[in-house]
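Subject: Handover of a structure and notes on its side-chain packing

Dear colleague,

Please find the structure below.

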Amino acid sequence: MILAAGRGERMRPLTDHQPKPLLRVGDKSLIERLIEALVQAGMPDIVINHAHLGHQIVEALGDGRRYAARIVYSHESGGGLETGGGILQAMHLLDDPFLVVNGDILTDFPFARLPTRLSGLAHLVMVDNPPHHPHGDFALIGRHLLAEGPERLTFSGVGVYAKALFKGCVPGKFPLAPLLRAAMARGAVTGEYYAGDWWDIGTPERLQQLDDHYRDRAK
């Protein structure tokens with residue numbers, strides 16, 4: 001599942017008339033690059049949620065055939081359901097476990113190496129803390145993640161989840177982080193550290209830096 005329902009407030013005015021995942025990096029949009037990476041990793045069946053200007057995403061990507069993918073959509077009305085609520089709404093379209101990728105990141109992480117079976121309720125890919133997020137999110141101790149710890153890393157936006165993580169959740173708008181923290185307290189979340197390329201496109205300035213990177217690489 002690619003999360004593409006966010007409003008992209010920090011990217012305004014770029015996102016006033018276009019969904020954030022359709023912003024272009026080099027000659028392709030962010031979401032196109034993610035789709036191609038997933039297909040290359042052997043994951044052609046993709047669910048995409050959308051809300052703000054979501055019809056543009058559907059019109060741009062269609063059924064995914066041109067990317068050798070099979071895309072289905074989960075529309076969220078009322079401005080979106082946040083991460084947890086959006087995943088829960090699309091649950092009937094997902095396998096168990098299932099991969100979720102934020103629609104506003106780019107990475108060369110090899111998706112094919114992610115676990116297809118979980119020892120707990122979730123498995124998250126962690127990266128070094130970027131300058132705009134110096135304190136990180138979770139602590140990686142061996143293969144387990146803790147909500148608190150001496151050296152926290154940043155959650156990359158790439159995670160594998162068991163449907164059981166959402167047991168008892170009520171449809172509606174809610175975040176994912178509290179579910180993860182509760183599972184961590186039970187020792188049910190594993191993780192891995194990735195030192196390769198990863199970008200969180202959260203501001204127009206970071207988008208421009210990434211666009212420059214791709215264009216320089218294409219020369």
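Predicted model: local features only at pLDDT ≥ 70, side-chain atom pairs only at ≥ 80, totals over all residues.

Residues are numbered from 1 along each chain as its sequence is written, and side-chain values use heavy atoms, with hydrogens and water left out.

Nonpolar cores

A nonpolar core is a set of buried Ala, Val, Leu, Ile, Met, Phe, Trp, Tyr and Cys residues joined through side-chain atoms within 4.5 Å. Buried means under 20% relative accessible area, exposed means over 50%, and partly exposed lies in between (1.4 Å probe, protein chains only). The largest core has 35 residues, of which Ile-35, Ile-48 and Phe-111 touch the most other members. Helix 1 (residues 30-40) supplies the largest share of this core, with 5 residues. Helices (H or I, at least four residues) and strands (E, at least two) are DSSP runs, numbered from the N terminus.

A contact here means heavy atoms within 4.5 Å. A second, separate core of 31 residues includes Leu-3, Phe-98, Leu-124 and Leu-176.

Salt bridges

Side chains of opposite charge can pair when their charged atoms come close. A salt bridge is counted when a side-chain nitrogen of Lys or Arg lies within 4 Å of a carboxyl oxygen of Asp or Glu. The whole structure holds 8 salt bridges.

In one of them, Arg-70 pairs with Asp-45, with the closest N and O atoms 2.6 Å apart. This pair links distant parts of the chain, as Arg-70 is in strand 5 (residues 70-75) and Asp-45 is in strand 4 (residues 45-50), 25 residues apart. Both Arg-70 and Asp-45 are exposed.

Glu-192 and Arg-113 also form a salt bridge, at 2.9 Å from N to O. Glu-192 belongs to strand 12 (residues 189-193), whereas Arg-113 is in the loop between strand 7 (105-107) and strand 8 (122-127), 79 residues apart.

Aromatic pairs

Rings of Phe, Tyr and Trp (its six-membered ring) pair if their centres lie within 6.5 Å; planes under 30 degrees apart count as stacked, over 60 as edge-to-face and the rest as tilted. The count comes to 4 aromatic pairs. Phe-98 and Tyr-161 form a tilted pair, 6.0 Å centre to centre with 50° between the planes. Phe-98 lies in strand 6 (residues 98-102) and Tyr-161 in strand 11 (residues 152-161), 63 residues apart. Both Phe-98 and Tyr-161 are buried. The rings of Phe-109 and Phe-111 have centres 6.0 Å apart and planes at 75°, so this pair is edge-to-face. Ring pairs also link Phe-98, Tyr-161 and Phe-166 into a cluster.

Helix 4

In helix 4 (residues 177-185), Leu-179, Leu-180, Ala-183 and Met-184 are buried. Seen down the helix axis, the buried residues fall within an arc of 135°, so they line one face of helix 4; the arc is that of the directions from the helix axis to the C-beta atoms. These buried residues pack against strand 8, strand 9 (138-141), strand 10 (144-146), strand 11 and strand 12. Just after helix 4, Gly-187 takes a positive phi of about 70°.

Yours sincerely,
A colleague
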